[in-house]
Amino acid sequence: MEHIILFPLLMILIMLLTIFVNYLRYKDSNYREASGNSFFKTIFDKGNYGEFLTFTYLEKLRGHQRLMTNLYLPKEDGTTTEVDLIMISQTGIYAFESKNYSGWIFGDERYKSWTQTLENKQKNKFFNPIWQNKGHINALKSATGLEDDNLYKSYIIFSERCTLKKINVTSPNVKVIKRNELIKTIKQDIESSTDVLTKEEVDKLYSKLQEYACVDETIKEAHIENIKNRKA
């Protein structure tokens, strides 16, 4: 009987400890200022939480860079595309698409759909995140006025809870990795790249893109409605 009582208590304690650790991490991060998301909106939303974890990893990098989240950039058709996270660095503009998924992940850069396979053998299809991030980069090109492909780097970040089984990527400026590989991978990327922007240009781009960050609820609601209409 004691074991039956102790087990749920232990689980509650673990959950509370996890929340406390995340709160300390959130408090020490600039994520709130960048995203506008409250603590509870951050940790209890799977998408926001994955984005938050990636943001805190990138904050550890040395050098002159600027981080921005949840940019609502205009598209040619008059709608918007939401960019999870970007880092403006002297070595380029890094666009991150965060996928907080579990299970086995199968995907090929050439194909429209990728597959998630769960432990119960259930298979879920999802839109190719490389294509998704390419759309984000195209919107960034329009917003910044900088069209050079070599300036942009695409990072698809998956949760540590998943296994990347068969992922085929051919483009040189595209990386598909798990979050725990991010710092090592991006450090190597930065070290092997030459500077293409000055510190002043980094700051100028950051200021230019501020108008698309922390937008009001009207823009967010219109964006969500457009997504629903496309799915329909």
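Helix α5 (residues 129–144) and helix α7 (residues 199–209) are roughly perpendicular to each other, a label that applies because angles of 65 to 115 degrees count as such. In this predicted model their axes, which are lines fitted to C-alpha atoms over the stretch in contact, come within 10 Å and cross at roughly 100 degrees, where angles run from 0 to 180 degrees between N-to-C directions. The contact, meaning heavy atoms within 4.5 Å, is made by L140, A143 and T144 of α5 and by L205, K208 and L209 of α7.

Strand β4 (residues 103–108) and β8 pair in the parallel sense over six bridges, and the bridge partner of F106 in β8 is K166.

Elsewhere, strand β7 (residues 152–158) is largely enclosed by the rest of the structure, because seven of its seven residues are buried, that is, under 20% relative accessible area with a 1.4 Å probe and protein chains only. In a regular strand the side chains alternate between the two faces of the sheet. In β7, Y152, S154, I156 and F158 point one way while K153, Y155 and I157 point the other way, and all are buried. Strand β3 (residues 92–99) runs parallel to β7 and is joined to it by seven bridges, with K153 as the bridge partner of Y94. Strand β9 (residues 174–178) also pairs with β7 in the parallel sense, over five bridges, and here V176 is the bridge partner of I156.

Taken as a whole, the protein has eight helices and nine strands, which are DSSP runs numbered from the N terminus (helices are H or I with at least four residues, strands E with at least two). Buried residues make up 44% of its 232 residues.

Residues are numbered from 1 along each chain as its sequence is written. Local features in this predicted model need pLDDT of at least 70, side-chain atom pairs count only at pLDDT 80 or more, and totals for chains, interfaces and linings use all residues, while side-chain values use heavy atoms, with hydrogens and water left out.

Notes:
Buried means under 20% relative accessible area, exposed over 50%, partly exposed in between (1.4 Å probe, protein chains only). Two strands pair if DSSP finds at least two bridges between them. Angles under 35 degrees count as roughly parallel, over 145 as roughly antiparallel, 65 to 115 as roughly perpendicular and the rest as oblique.
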